[in-house]
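Open the model in your viewer and keep the selection panel at hand.

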Amino acid sequence: MDQKTPAQVSAAAPTLGQRLSRRKPVEKLVAETESGNGLRRTMGFWQLSMIGIGATLGTGIFVVLGEAVPIAGPAVILAFVLAGVTALFSALAYAEMAGMIPASGSAYSYSYATMGEFMAWVCGWCLMLTYGVSVAAVGVGWGQYINELLQLTTGLSLPGAFLAGPLEGGVINVPAAIVVLLSMFALLAGVRESTRVNAVMVAIKVAVLVMFVAIAITAVQDGNFAPFMPMGMAGVSAAGATLFFSYIGFDSASTASEEAKNPQRDLPRAIMFSMIVVTAIYCLVAFSAVGALNWELFAEGQTSLAGILTVVTGTPIWAVIFAAGAVLALASVVLVVLYSQTRILFAMSRDGLIPKAFSKVDAKGTPRTNTIITSVFIALLAALIPLGPLADATAIGTLFAFALVNVAVLVLRRNRPDLKRAFRMPGAPLTPVLGVLACAYLMFSMSLSVWIAFGVWLAVGLAIYFGYSMRRSALETEPTVEVRS
Ligand SMILES: NC(=[NH2+])NCCC[C@H](N)C(=O)O
């Protein structure tokens, strides 16, 4: 048995059921975020939108699109719409929750307040796929573009053994690991991407993607769209599940709610606006890509978007500009998302569910140990695992976490109608229910191997919860907190 603090001796140890369902009161969560975070309310609609778009546009459109085309054929355009609609429901649910509980733990914190500790743990564990594993995926995409840029400008290429992990016939993916480790050093040095740098990155990303559309659309041929749906609806769904990866990131705007001048008005509008911009860009890029190049030529990752530009124009200059833009942009996504992952672990550690080392900060206020452990783990993933499995694992875990956010909206509407909501999800309770169903639909469109990987991931998470977190939870060890909900 664990040692008990004197204050606890009087109270009987909680039962398993009490432990699993104990909730962290909304008021406590809000108080934690308010106590001395010193954040200033400076952001308006545009800055919030730029954050959402900046965290979303990344490896999904620059690389995963190419991997999804063979799954759906030209109907990859529909797959983007399907994934986009699913993301939209969750985006609205996020807007409602973030306006009520502006906590850095994001979906993990929302679940802790609504469904209790066990579901919060499961959600936090899934968020490590949404953030940590997605960083590895973006890192692998970055590696492809840096190599492409090197080839286009110098004709040289890194030896194959150092461009891919063992599952793809290489030894270790060096560039992917390097971009993660460089970001780690930047974070340790206290570098944060400022809103201004973020806005520049968004401008670069949007500019090169618009350039892509403008060039590729001149080569669109009707014949390339027939047959439109060679793999049927199953192909569209499967591609939609993979492409869901490309929509992840709008939630980042919600994590800035404490820095927004008027979150109530601007946050929902910014989330909607980013979703519309991103969906429009994705559909246009997908349309011009599959229109310019027959979908069958996308197989086996033989073609990249940059490659299409060279084929269409006959000169490599546009491909060089495109690849250079992608290299800059993807590096910034790695930095931003890695930072978010450390913040979520910070929140979980503060709650006692993972070791205190993750919430220890150094003199500069940086969670040093947290940042190093997290980054090294992610660098290893990036070095060893291919993009496809990393993106799929990110997608399935995120779909699950997003489904939970929709459930959290339903639960709080019923249990705490009194709470002030900066934004109310329109059409509730129907819309959050549709949100859950849409997430479930995409999850069930994923292949068996993805489900097995997800199952293993969850099993490890449960082992940690029951073996460690359950007894160390701050709700158990801090007697001031009410254990029963
Ligand atoms: N939590 C995150 N923002 N993860 C990054 C998501 C990846 C991004 N949507 C991309 O396509 O590259």
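For sorting residues, Ala, Val, Leu, Ile, Met, Phe, Trp, Tyr, Cys and Pro count as nonpolar, Asp, Glu, Lys and Arg as charged, and the others, Gly among them, as polar. By that scheme the shell around the ligand holds 6 nonpolar residues, 8 polar and no charged.

This is a predicted model; local features need pLDDT of at least 70, side-chain atom pairs count only at pLDDT 80 or more, and totals for chains, interfaces and linings use all residues. Numbering runs from 1 along each chain as its sequence is written, and side-chain values use heavy atoms, without hydrogens and water.

Select the ligand. Around it are 14 residues, and T56, T59, G60, S134 and I248 come nearest (near means a heavy atom within 4 Å).

Now show backbone atoms. Which backbone atom lies 2.8 Å from an oxygen atom of the ligand? It is an N or O atom of G60. A polar backbone atom of F245 is 3.0 Å from a ligand nitrogen atom. At T130, a backbone N or O atom lies 3.3 Å from a nitrogen atom of the ligand.

Next, colour by helix (DSSP runs of H or I, at least four residues, numbered from the N terminus). Helix 8 gives the largest share of the shell around the ligand, 4 residues.

Last, select F118 and F466. Their ring centres are 5.9 Å apart and their planes are at 35°, so the pair is tilted (centres within 6.5 Å make a pair; planes under 30 degrees apart are stacked, over 60 edge-to-face, the rest tilted). F118 lies in helix 8 and F466 in helix 19 (residues 448-472), so the pair ties together parts 348 residues apart in sequence.

Key: A polar contact is a pair of N or O atoms within 3.5 Å; within protein, one must be able to donate a hydrogen and the other to accept it, and residues adjacent in sequence count only if both atoms are side-chain atoms. Helices (H or I, at least four residues) and strands (E, at least two) are DSSP runs, numbered from the N terminus. Rings of Phe, Tyr and Trp (its six-membered ring) pair if their centres lie within 6.5 Å; planes under 30 degrees apart count as stacked, over 60 as edge-to-face and the rest as tilted.
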